[in-house]
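Dear colleague,

I am passing on the structure below, together with some notes on how parts of it pack. Please read the notes with the coordinates open beside them.

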Amino acid sequence: MISKRLRFLVVENKVGMAKKIVDILAQRNMNIIKMEINPPYISVQLQGNNKSWDGFESWIKEEINEILSIVELDMLDFERQAKELQTIIDSMTDGVIAVGSKGEILYYNSKAIELFSIKKEDIHKHINCIIPSNIYDPEVNIHDETGIEFSQSIRNKEVNVILDIRLVKGEREKKIGALLISREMDEVRKLVHSISRPSMNNFDDIIGISKAIQDTKILAEAVSKTESNILILGESGTGKELFARAIHLSSNRNKGPFVAVNCSAVPENLIESEFFGYEKGAFTGANNSGKQGLFELAKGGSIFLDEIGELPIHLQAKILRVIQEKKIRRIGGQKEISVDARIISATHRDLRHMVREGTFREDLYYRLNVIPVQIAPLRERKEDIEILSKKFIRDLGKSMNKNNIKITDEALKYLSNYSWPGNVRELQNVIERAVIFAEDKIDVEHLMIQTKSQELYGNNKVFRDQEDIQFPIELPRIIETLEYQYITEAMKEFNSSREMAKALGISHTTVINKLKNYGLRL
Ligand SMILES: Nc1ncnc2c1ncn2[C@@H]1O[C@H](COP(=O)(O)OP(=O)(O)OP(=O)(O)O)[C@@H](O)[C@H]1O
């Protein structure tokens, strides 16, 4: 038997043409394997013996006058489209599974086979024989959804994916199926990492000519090559995070992720689940598919625990366990997961003092502090002020389209005489304001060095008698002043932002933001 695919061009608008062709072909004992009607074309895959193919073209044209021409094809249109679609989805790095309206598996690509261990015989089976119904149920998930995190054992393999559900709709928006698109969590992590890469910096980006900063750079670069935990110490704004990133980038783990966590910014009730992740159903409100913790996310790379001094004491014990055993267990999980992340921590607090007063665990202190990297405050390395200022002027000038802006010697001298309690970050802010206000030359008058707090709130009288009020007033500023006074009072009474939050009746994150906003440091 010989099989051929043919396309007939037929006279348009002729009703019953397809039936006529089918009848005529049947008379000649030919089998129609596939047929596609797409006016003015009718395409068929035909099977027949040598005899039936003999003089076929002239015979059929004679029998059916409406056939104007015949072309032999490699594939029918729908076959070609299906092949092209399969090629496209197979070349995707995401797993794709298409399901029909009843949840039956229609097709899938090679990545989906790899991710979910799909077998040939799964085709036409119900999707829930692969993806559990708590993640995707065709009866329940009737809207598009994105970013469903999903960590579960499927066919004896641990699957960590992020799933998107895209509904396929037919005529009149009727749901006729769905595409399940999944991406490995590791891949997502690499993506996030590659997106955050531009903010990565190396040691050359740490500017400074002082012996203090040069020595710190040499020490940090040397220890970056080891696997030891590193503790970076320094006042706020001295560049601790900058150093942590440079250490990661020059370490052997630089192909892995750099996961930065500000321990003081994570709400206390979420710290544990953020760090260690959880299994599905671990607690009310938990994502029902489980979640990887930050230690897992940092696999193969570094985890930067900024403001480690703010970690509540019961969590210090858990971090200690991670360091000692190099293993974690997700909340609600039984399985031990090995940790492959180097810990770089940082604090502006005096941890030794905290150890003495019992607010920081001594054993954790020694574990973290294997190699301390101390960054000197800016007032102790005044030689760096000029070079840093000029760098910030260049960078900020470029971004504000003031490429040729300069700074006068007087202004530089003025900067050198200041004590910079907010360190390099404060210098950066002062320069930024100066670049905004100066035309082409930054002079002393453009340097608004007084900290915002002194400038605005220093001598502001708030508690007045009613008769005292002289309208017009600036109510927002008065409210700010009042807030500033309460915050500074609370700072005198309490040692941590968490205690302050309790005392002031506001959230911990709000305290941190307000302190930053007013240029205050604990
Ligand atoms: N030596 C330096 N060279 C260039 N930029 C610097 C340097 N030191 C600090 N900076 C800049 O100053 C700002 C503050 O730095 P960074 O966030 O690393 O400080 P930090 O010590 O981690 O602060 P905090 O303790 O408040 O989190 C950043 O914008 C950083 O790029």
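In this predicted model, the contact between helices α7 and α8 is made by Ala220, Glu221 and Ser224 on the α7 side, which meet Phe243, Ala246, Ile247 and Ser250 on the α8 side. Two packed helices are described by the angle between their axes and the distance between the axes. Here the axes of α7, residues 211-224, and α8, residues 240-250, come within 8 Å and cross at roughly 40°. The crossing in which α7 passes α8 is right-handed.

The other part to look at is an open sheet of four strands, ordered β2-β3-β1-β4 and paired in antiparallel fashion. Its edges are formed by β2 (31-38) and β4 (67-73), each of which has a single partner strand, so that one side of each is left without a neighbour in the sheet. On average, and with direction ignored, neighbouring strands of this sheet are turned by 20° against each other.

Within the sheet, strand β1 (residues 2-10) runs antiparallel to strand β3 (residues 41-48), and eight bridges join them; Leu9 stands opposite Tyr41 in β3. Helix α1, residues 17-27, packs on this sheet, where it touches β1, β2 and β3, and the direction of α1 makes about 15° with that of β3.

Technical notes. Residues are numbered from 1 along each chain as its sequence is written. This is a predicted model: local features need pLDDT of at least 70, side-chain atom pairs count only at pLDDT 80 or more; totals for chains, interfaces and linings use all residues. Axes are lines fitted to C-alpha atoms, for helices over the stretch in contact, and angles run from 0 to 180 degrees between N-to-C directions. Helices (H or I, at least four residues) and strands (E, at least two) are DSSP runs, numbered from the N terminus. A crossing is left-handed if the near helix is turned anticlockwise from the far one by less than a right angle, and right-handed if clockwise. Two residues are in contact if their C-beta atoms, placed from the backbone, lie within 7 Å. Two strands pair if DSSP finds at least two bridges between them.
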